[in-house]
Amino acid sequence: MKKIIVCLCLLTSIACAGIFEDSFKTYSKDADTIFMNAISAINSSKQFQITEIQSKNGYILFLFGSRYYLLTVTKKYQNQTEVKIMPQNSDFSQGSIVAKNIFALIDNQLSYQSMEQIK
């Protein structure tokens, strides 16, 4: 019985590690730039609805379908920023899909800005 419980705990932790891994991304830009790009990215898609923005704490609460998600922007180093997207109801069934979509939108925003600077 102990072996079964240990195996189940191990499998659960491995599965959760994969889900959480998709919820984080590090960018080599300053936190303010990433925060503004995150707002713009979420606002650009009609499937996401921004509910609350706290610029001092660096978080955005948004709605996808009927579920709330929290995006946090954290400055790690001088020009390194971490973005984390987590569901607010601890239901991780769609969390990684939402996070991947948001990260793709942020990446598109940043690449568009880079192309504008080149012009």
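This note goes through the fold, the model confidence, the nonpolar core and the aromatic residues of a predicted model.

1. **Confidence.** The model is predicted, so confidence comes first. Average pLDDT for the protein chain is 78. A score of at least 70 is reached by 72% of the residues.

2. **Fold.** The protein chain has 3 helices and 5 strands. Their order along the sequence is α-β-α-β-β-β-β-α. Take the contacts between residues at least 6 apart in sequence: 51% of them join residues at least 24 apart.

3. **Burial and surface.** The protein chain has 119 residues, and 30% of them are buried. Its accessible surface is about 7900 Å². Carbon and sulfur atoms account for 56% of that surface.

4. **Nonpolar core.** Nonpolar side chains in soluble globular proteins tend to be buried together. Here the largest nonpolar core holds 23 residues. Phe62, Leu71, Val83, Ile85 and Ile102 have the most contacts inside it. Five elements each supply at least two residues: helix H2 (31-44), strand E3 (59-64), strand E4 (67-77), strand E5 (80-87) and helix H3 (95-118). The largest share is that of H2, with 7 residues.

5. **Leucine 71.** Which residues does leucine 71 touch, leaving out those up to four places away in sequence? The list is Ala38, Ile42, Gly58, Tyr59, Ile60, Phe62, Val83, Lys84, Ile85 and Ile102. Phe62, Val83, Ile85 and Ile102 were named above, with Leu71, for having the most contacts inside the core.

6. **Aromatic pairs.** The count of aromatic pairs is 4. In one of them, the ring centres of phenylalanine 48 and phenylalanine 62 are 5.6 Å apart. Their planes stand at 90 degrees, so this pair is edge-to-face. Phenylalanine 48 belongs to strand E2 (residues 48-54) and phenylalanine 62 to strand E3, so the pair ties together parts 14 residues apart in sequence. Both phenylalanine 48 and phenylalanine 62 are buried.

7. **A stacked partner.** Phenylalanine 62 also pairs with tyrosine 69. These ring centres are 5.8 Å apart and the planes are at 20 degrees, so the pair is stacked. Relative accessible area is 0% for phenylalanine 62, which is therefore buried. Tyrosine 69 also counts as buried, because its relative accessibility is 0%. Phe48, Phe62, Phe64 and Tyr69 form one aromatic cluster.

8. **Tyrosine 68.** Is tyrosine 68 buried, partly exposed or exposed? Its relative accessibility is 38%, so tyrosine 68 counts as partly exposed; the cut-offs are under 20% for buried and over 50% for exposed. Tyrosine 68 is found in strand E4. Leaving aside neighbours within four places in sequence, tyrosine 68 is in contact with Thr51, Leu61, Phe62, Leu63, Pro87 and Gln88. Glutamine 49 is 19 residues from tyrosine 68 in sequence. In space the two are 9.4 Å apart, C-alpha to C-alpha.

9. **Phenylalanine 62 across the points.** Phe62 is listed among the core residues with the most contacts. The Phe62 ring is edge-to-face with phenylalanine 48 and stacked with tyrosine 69. Phe62 is also among the contacts of leucine 71 and of tyrosine 68.

Definitions and conventions
Residues numbered from 1 in each chain as written. Predicted model: local features only at pLDDT ≥ 70, side-chain atom pairs only at ≥ 80, totals over all residues. Heavy atoms only, no water. Core = buried A, V, L, I, M, F, W, Y, C linked by side-chain atoms within 4.5 Å. Buried < 20%, exposed > 50% of the residue type's maximum accessible area, 1.4 Å probe, protein only. Helix = DSSP H or I, 4+ residues; strand = E, 2+ residues; numbered from the N terminus. Contact = heavy atoms within 4.5 Å. Areas by Shrake-Rupley, 256 points an atom, 1.4 Å probe, with all protein chains shown as cover. pLDDT = per-residue confidence, 0-100. Phe/Tyr/Trp six-rings, centres within 6.5 Å; stacked < 30°, edge-to-face > 60°.
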